[in-house]
Amino acid sequence: MSERTGKFGLGRFWTMVLTLVAIYAFIKWGIPAASRQITNLPFPLPVPGTLIFMFMVLTLIALFMLVTFSDEHLEDFLAPIKALLAGRYGKLPRAAVLVAIPLIAGWQVYDATVPKVELPSSLRIQHPSSNFPKKFEAMKNPVANPDDKAIDAFIEQAKAGEIELIPQAASDVENWVKEMEPEHMLEFIPTPPMKKFLKELADGKVSKVTAKAALLEKNLFEGRALYAMNCRPCHGDSVAGDGPMADGFKLRPINFTDNGTIETIVEGYTFWRVGNGGPGLPTEATPWDSAMPEWKLSLTEEERWKIILAEYDLAEKTPRIPEGH
Amino acid sequence: MVGLRELSTPSPGHSAATLSRGGRGLVVPAAMQDPLSPGGRGRGPATRRVAGRVRGIIPAAIAVLLVGVFALPAFAADTPSAPMPEETDELRARGQAIYFRRCSFCHGLLGDGEGPAAEFLDPRPRDFTLGTFKFRTTQSGELPTDLDLFRTVSRGLSGTGMQAFDADLIKNGLSEEDRWAVIAYIKTFAQEFEDPDLDPVKTGKVVKLPQSRAPFDADTIAKGKAVFEKTKCWECHGKLGRGDGQKSFDRKDDWGFPIRIRNVTHPWKIKAGTDVEDIYMRFSTGINGTPMPSFIKALNEEERWQLANYIKSLQHRRTNHQVLKAVPVLGGVPTAPDAEAWRQAEPMDVRLTGQVVGAPRWQNPSIELATLRALTDGKEIAFLIEWDDAFKDTVHKGDAELDPKELRKVGGYNSYVAANGMVTRKLETFRDQIALQFPIKPPEGTKKPHFFRGKPSNPVHLWVWKADLAEGGKRAVVEAVSRGWRQKPKAQAQAKQQIAGKASWNQGRWRVVMKRPLVTDDKNDVQFAAGAFIPMAVNAWDGSNGEHGLIMSLSTWHYVFIEAPTPMRVYIFTVLAVLIVGGIGFWLMRKVEREDG
């Protein structure tokens, strides 16, 4: 009774079922697979559930119109269903289908109505600006951009052979000077800008540009010492957010070597974040999960700026330039 | 009762299943052969990271395959692709520049381990001037090989301030040549490296891995356990490996600093590698400068290999979930920590770390893991908290506590507590404590109080169990309210103290039970309702590690959850759906049959 129709002789009913399955498979797996080829990302981009639902509803409407196009089509489509119900494929398959379909329906209803246990989760904004005070926007790091007065003072100290260092770094340098008996105490910094400065100093003709570069080296040294003492336990000695204590926090310390962290923000923002820590964050950045201290309670402004200088240097990044200034 | 003791330790069989190793049996050029098996070592984070980056990108995958076939050691995080270059002045100068920028702040400009950060670290940064190195593949007392130094610089020492410097592991790490340059410079600090008679490679003092290595299975592990007993490893490391042997307190290293005996069940604290090969090397070579001897004469290769397998089997595998389910029990929740009922509860491991949010900051915490279980009978809830602590500290001397005033000054020297000298890290000074922390207000959405003691507008409820109170037979759990770390938590009124606590300490492990009615009439208490996720954090103190006040370890927020019974309507809807759809099917069948005639 059921005539084979269509190119493949499948019959209208099975053609419809196959079409439906093929379209679902294409949306569910085909598009994400193609997305990986297109975007070159290591993960697929899934099609959202609501979009899948809409596509499938449209498909069903189209198929329904096709089936009900004429009485003949409808008759063709219903033939295998009627044959099954009449028991022409055997009694057992009929019983199996008539039991399976209500059970599937029951399972769907149970799944839809049973209360789901889901962990409360929230999207976290990493660099919130909703409460970022404007006055920090254009701030420049004073220890990275020393003024003439600071440079002159440094030259005077260098000439006298008495460089002022922060107490945290001074004793290690003192030990080094005692042991090595160098011609100038600044020789403990074995970098080209410092070597150039010390040579000019010995020759008695110091240029401001060289002195500024040498002063920067001294500030960097102090910043690295302060970083190692204060920040390294969490952010790591390689500033990769992997310090010895990092595993203990649900919100891992930021990895400064990642693109999109400290290079996407202005220095003033970094300074504000270091000073106010987790508690200074707005709600969208889940301040209750952040272990970042309010460093303004422990470190002076100069100490914080020196740390920021060293942090950018260790991460091999530069801060974003403020706009419109 | 033995019952609970091993609940949170994995069975040997369990670990064995996850210990399959790749990369074995690859032919490695002789010059690159490392006693620590280069083939087996590639599965470190480096390999995993590389694999993650290239997944699905076909050309890259092919490249990786080619590299894997032709140059596997280049992959291995700590095995160089070529031998150490000649140690020229140029190489040493390059090393000095790197050392100045990356190493000197811990190890000191003179290599004496006295950099600005050193006094806050325990274990202390290595003093290179003495030529004494802990982690080697050479006989006890010998210098390390160049490859040993390369391995330490490359992969770091887990659980210490020494981190990995391999450029394959971290983005701004050091290239292979840079690492060799630094090593060449470090060697200038100790004269011993200049003496060819002390070169362990030339004098044949390098320890090799055994020729035949029995597989990691129940049989090898059992034999290893017998070696552990016979060799009396437990005198220091404790019968269960928790570092609680009677000889283990107040030992000092050659530099005069106190050392703690390793709890070998915590792999993240095992400094020089957690693989069987690494463990084998540790007791074959000894750890120079510490009481850990070499067993190369006392035990043969086979016995040492078995022992290494046994130690490997003791390593704890952490659970990964953030939600502690309070499992329903009938007939009341248990009070005793060793009650049989706890077997029904699913454990959740909580990772803790030092308190660094507010001064006094502490980066040498002793307790880094607590395992929690929860049971409820619908009226009460009971928590079982287990953690390893090698020493039972039940005395508290209030006058020995640190006054944090100096450490809280803006622009003070430092806000961290020094590892030695600032607080007493000895027995009989401070008590052991554990605390559970919950928000007092039910959280709205994901909003919570700060994980470190809340804040004035959003306080937390603390359940603090104190070992000295328990020992004295008093109510051991103090209920307190905290409004941020800057003020001391306030104990609740005597009449409102309603948490029952019971504890036991055995073989280096505390087990504490705290229980309370699910609901109380105190508005400053946490209330437990079925179906809600209640944030929970853990604070812990090890008294003999000098911990008290804010000098402690803590966790960030986790959750406790009591399952709500499924509402009746769900079952009704389900049954209705089955009946209606079944009915329609039956009706259609009859209709078609009738039509057919």
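Arg94(A) forms a salt bridge with Glu593(B), and the closest N and O atoms lie 2.7 Å apart. A salt bridge here is a side-chain nitrogen of Lys or Arg within 4 Å of a carboxyl oxygen of Asp or Glu. Five salt bridges are counted between chain A and chain B. The model is predicted: local features need pLDDT of at least 70, side-chain atom pairs count only at pLDDT 80 or more, and totals for chains, interfaces and linings use all residues. Residues are numbered from 1 along each chain as its sequence is written, chains are lettered from A in the order in which they are written, and side-chain values use heavy atoms, without hydrogens and water.

Chain A gives 81 residues to the contact and chain B gives 79 residues, contact meaning heavy atoms within 4.5 Å. About 6800 Å² is buried between the two chains, 62% of it on carbon and sulfur atoms. This buried area is the accessible area (1.4 Å probe) that two parts lose on being put together, summed over both. Asp172(A), Met229(A) and Trp288(A) supply 11% of the area that chain A buries against chain B, more than any other three residues.

Within chain A, helix α5 covers residues 148-160; helices are DSSP runs (H or I, at least four residues), numbered from the N terminus. In α5(A), Ile151(A), Phe154(A), Ile155(A) and Ala158(A) are buried, that is, under 20% relative accessible area (1.4 Å probe, protein chains only). What covers these buried residues includes α7 (192-203) and α8 (208-230) of chain A. Lys149(A), Glu156(A) and Ala160(A), on the other side of α5(A), are exposed, with exposed meaning over 50%. Gly161(A) follows α5(A), and its phi is positive, near 70°.

Note on methods
Helix = DSSP H or I, 4+ residues; strand = E, 2+ residues; numbered from the N terminus. Expected span 1.5 Å × (residues − 1).
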